[in-house]
Amino acid sequence: MRTIRIGSGAGYAGDRIEPAVELMEKGNLNYIIFECLAERTIALGQKEKLKDATKGYNSFLEYRMNHILPLLKDNNIKVITNMGAANVKAAADKTLEIANQLGVKGIKIAYVTGDDISDNLDFYADYKVLETGYQLKEMKANIMSANAYMGCEGITEALKNGADVVITGRVSDPALVIGALVYEFGWDADKDADKMGQAVLAGHLLECAGQVTGGYYADPGYKEVPNLDRLGYPLVEIDASGAFVLSKVEGSGGIITTDTCKEQMIYEIHNPKAYLTPDAIADFSKVKFTQEGNDRVRVENATSHGKPKELKVSIGYEDCYIGEGEISYGGANCLSRARLAEDVVRKRLNLIGAKLEEYRCDYIGYNSLYRDKLSTLPNGETNSEIRLRISGRTKDEWNAAQIANEVEALYTNGPAGGGGVVKRVEQIVSVCSIFVARKDVTATVHYLEVE
Amino acid sequence: MKLKEIAHSRTGDKGEISNISLIAYKKEDYALLKEKITSNKVKEYFSEICKGEVTRYELDEIGALNFVLDKTLGGGVTRSLALDKHGKSLGMALLEMEIEVD
């Protein structure tokens, strides 16, 4: 039976490139995916695009494409990525430009649009926002972006038409893998429930790259991971039956065991019987992992229960400001001085009339002030330092700045011996969601060719 | 005995919801986890952090529980005032839970 090999080259926007290159050179891959789109990324990208119409895609795109494109033809690999973010066309144009610069010939670049539904938001004005319970129209002034989580259909179409590089904006993370599998094996959620369940699981296990090969796993004395600094990224070997083996390039760092797979399968899912993706409602409740060899785990028995009737739309909006400040206190009685400092800041904010939506203080510390020898006090107390962190959420920048400034003012106006102040004021872009009818969202595929 | 001796864990986030897995190293210890670590127990354990309901899902085939904690991430990952906005460290706290074994 024909086996397809799909690797994962990135698990987040700023991920490393060497493990991806290693996979492309030594993994005997047919496809490599790069998942680079966190929830807020599109809203932030939209902001960049407004300033510069040629920006708004993943900021590592140039860096990655410079490494990836020269490897495509020799290794016969196709690339699928959501690095298009808020400006898929510009990402494709840039990729074409890089291919030309590098002299890479004979590749077809496809880009998928249709996820950006921000022009149609008036139609959903009365829709209830999942997180806040407000109607969408009440938030209208602050909305920066609205993107539907599309399924794999655009990716599959692009591959059918011979694309070597497929760039999308917002699609579900596993769709990057499902798109290739549906193209290769013709699976359909209505007819092939088990196979589509396996496809979603393959995508889910790959989408965070190193998190299934020993990343986010090591715990000295409990869970050992060899050569974590050389962590290899995963690949799946999958055939038309839907069963697959998860593995990595021999000699790379990290580890693949049934335990790393279990941790990653449950990561960011809620009900294991109904993991919602646009391509299928997956059911992982009966999944079985079998250690087949060193760093090789066989994965089977996922299934699915049809496609959801609605698609989730992620809406980015200008939400609030956060102001924060930190200061360290050391030596005996440091916690008391940190508490006094906190008391001063809280009273000062009240006194100057700063308006806070929420307030928080934290006490942090180990050996940053006195290194190791002096960090255990002669009286045996190991809490030789406390770093006070005060943060608050506000509606505007001025109020956020007051929090940061009052922490800084502790230098000369607070308890004895405060040091190492940092302060920060940040505008916060948040995301919320609505659900829209599937028919409202249509993927369109465009092509660019390097002769 | 601490949970850490018989189980491992990973924490994920979605908006204001945290999900914490609890996976038995050995299949035979799963029954104990299932019996002792109820959703109420987890809710009580994280009472200072989790302000919503806790739902427990059981994955019998692999010997794991998945706890879904609503209203736990300080209003959501983007606007939380916490240092660990994603709550990624929460699973390690769960593993510190003491359980009594007969």
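Predicted model: local features only at pLDDT ≥ 70, side-chain atom pairs only at ≥ 80, totals over all residues.

1. For chain A, the domain assignment gives domain 1, made up of residues 3–115 together with 150–308, and domain 2, which covers 318–433. Taken over C-alpha atoms, the centres of domain 1 and domain 2 of chain A are separated by 40 Å.

2. Helix α6 of chain A (residues 175–185) packs against helix α7 of chain A (residues 193–206) at an angle of about 140°, and their axes lie 8 Å apart. Because angles over 145 degrees would be needed to count as roughly antiparallel, α6(A) is therefore oblique to α7(A). The crossing of α6(A) and α7(A) is right-handed.

3. Which residues make this helix contact? From α6(A) come Ala175(A), Leu176(A), Val177(A), Ile178(A) and Leu181(A), while α7(A) contributes Ala199(A), Val200(A), Ala202(A), Gly203(A) and Leu206(A). Sorted by class, the residues of the contact of α6(A) with α7(A) comprise 9 nonpolar and 1 polar, with no charged residue among them.

4. The contact between the chains draws 34 residues from chain A and 22 residues from chain B. On the side of chain A that touches chain B, the elements giving two or more residues are helix α8 (258–266) and the strands β11 (288–293), β14 (310–330), β15 (358–364), β16 (385–394) and β17 (419–437). By class, that side of chain A holds 13 nonpolar, 6 polar and 15 charged residues.

Definitions and conventions. Residues numbered from 1 in each chain as written. Chains lettered and ligands numbered in written order. Contact = placed C-beta atoms within 7 Å. Helix = DSSP H or I, 4+ residues; strand = E, 2+ residues; numbered from the N terminus. Nonpolar A, V, L, I, M, F, W, Y, C, P; charged D, E, K, R; others polar. Axes fitted to C-alpha atoms, helices over the stretch in contact; angles between N-to-C directions. Parallel < 35°, antiparallel > 145°, perpendicular 65-115°, else oblique. Left-handed = near helix turned anticlockwise from the far one by under 90°. Domains from an automatic or database assignment.
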